[in-house]
Amino acid sequence: MKSVTDIPQAVSLQDLKRSIHIMPDDSEDDLLFTGYLTAAQEVVETATRRLISPRSVKFELRAVGCLRWWFPVCPVTDVTSLRWQQANGVWADLDFTAVRLESQDDEPQLVFPDGFWATVTDGAAVEVVADAGYSEMTMPRPLKQAAMLLVKDWYEAGIAVEKKEFLDVSFGCRAIMKQYRYARPREYGAA
């Protein structure tokens, strides 16, 4: 999976400051917090396989004549492009209007109609571009909280007086990420 568009910050600097009791006009550590927020979002998204901010992403799979393909992340809101690489290396668009996107929020999958793969060489590279990720309104609050807990842990470890050999992620953060982890049931399947 590769992001095609910029990745918006899922947690605002203001929300973070409010959660760790820092005054909104205190901007001394804003750059540090912004870096922490970006890293924490990546950690939460990698651990849960849930994209906590909306973006356009590209996936590559192999044409194997399947009738169903599960996305490795969720949620997926729309498919915007589908193409395959021909033997000469040229990419050709596929008509994805007949392809259905099902179970977008919990097990996003593409369902292909019978005969869809007839013109595609078996094993050819197929590229799917889709809009994925939660909007600010649909993001589960615990995922936002997990990112803020990570930043809080990192910030406190950075200013701690005692020496720490490693930073242990808080139990609450680990529990949230484990609870929200998405695992696709399989990659390919029959309809």
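Predicted model: local features only at pLDDT ≥ 70, side-chain atom pairs only at ≥ 80, totals over all residues.
1. A word on terms before we start: a residue is called buried when its relative accessible area is under 20%, exposed when that area is over 50%, and partly exposed in between (1.4 Å probe, protein chains only). Residues are numbered from 1 along each chain as its sequence is written, and side-chain values use heavy atoms, with hydrogens and water left out.

2. The side chains of glutamate 45 and arginine 55 form a salt bridge with an N to O distance of 2.6 Å; the term stands for a side-chain nitrogen of Lys or Arg within 4 Å of a carboxyl oxygen of Asp or Glu. The two residues are 10 residues apart and link distant parts of the chain, with glutamate 45 in helix H2 and arginine 55 in strand E2 (residues 55-62). Helices (H or I, at least four residues) and strands (E, at least two) are DSSP runs, numbered from the N terminus.

3. What surrounds arginine 55? Its partners beyond four places in sequence are Ser3, Thr5, Asp6, Ile7, Gln41, Glu45, Ala130, Asp131 and Ala132, where contact means heavy atoms within 4.5 Å. The side chain of arginine 55 also has a polar contact of 3.0 Å with the side chain of serine 53. For a polar contact, two N or O atoms must lie within 3.5 Å; within protein, one must be able to donate a hydrogen and the other to accept it, and residues adjacent in sequence count only if both atoms are side-chain atoms. Arginine 55 counts as buried because its relative accessibility is 6%.

4. How many salt bridges does a search of the whole structure find? The search gives 11. One of them joins the side chains of aspartate 30 and lysine 17 at 2.7 Å, N to O. Here too, distant parts of the chain are linked: aspartate 30 sits in helix H2 (residues 30-48) and lysine 17 in helix H1 (residues 13-19), 13 residues apart. Aspartate 30 and lysine 17 are both buried.

5. For a salt bridge in another setting, look at arginine 100 and glutamate 102, whose closest N and O atoms are 2.5 Å apart. Arginine 100 counts as partly exposed because its relative accessibility is 44%, and glutamate 102 is also partly exposed, at 23%. There is a network too: salt bridges link Asp15, Arg18 and Lys144.

6. Now the nonpolar interior. A nonpolar core is a set of buried Ala, Val, Leu, Ile, Met, Phe, Trp, Tyr and Cys residues joined through side-chain atoms within 4.5 Å. The largest one has 26 residues, and Phe71, Phe112 and Trp117 have the most contacts inside it. At least two residues of this core come from each of E2, E4 and strand E8 (125-132). Another core, of 25 residues, lies apart from it and includes Leu16, Leu143, Val151 and Met177.

7. Phenylalanine 112 deserves a click. Leaving aside neighbours within four places in sequence, phenylalanine 112 is in contact with Cys66, Leu67, Arg68, Trp69, Leu82, Val99 and Trp117. Phe59, Trp69 and Phe71 make up one aromatic cluster.

8. Most residues other than glycine have a negative phi, and most peptide bonds are trans. The peptide bond from cysteine 74 to proline 75, however, is cis, with omega near -10°, and proline 75 is in the loop between strand E3 (68-70) and strand E4 (76-85). Arginine 49, in the loop between H2 and E2, has a positive phi near 60°. Serine 103 has a positive phi as well, about 45°, and belongs to the loop between strand E6 (100-102) and strand E7 (109-111).

9. Cysteine 173 is in no disulfide either, its nearest cysteine sulfur being that of cysteine 74, 18 Å away. The count comes to 0 disulfides. Cysteine 66 is buried at 7% relative accessibility, and cysteine 173 is buried at 0%.

Notes. Phe/Tyr/Trp six-rings, centres within 6.5 Å; stacked < 30°, edge-to-face > 60°. Disulfide = S-S within 2.5 Å.
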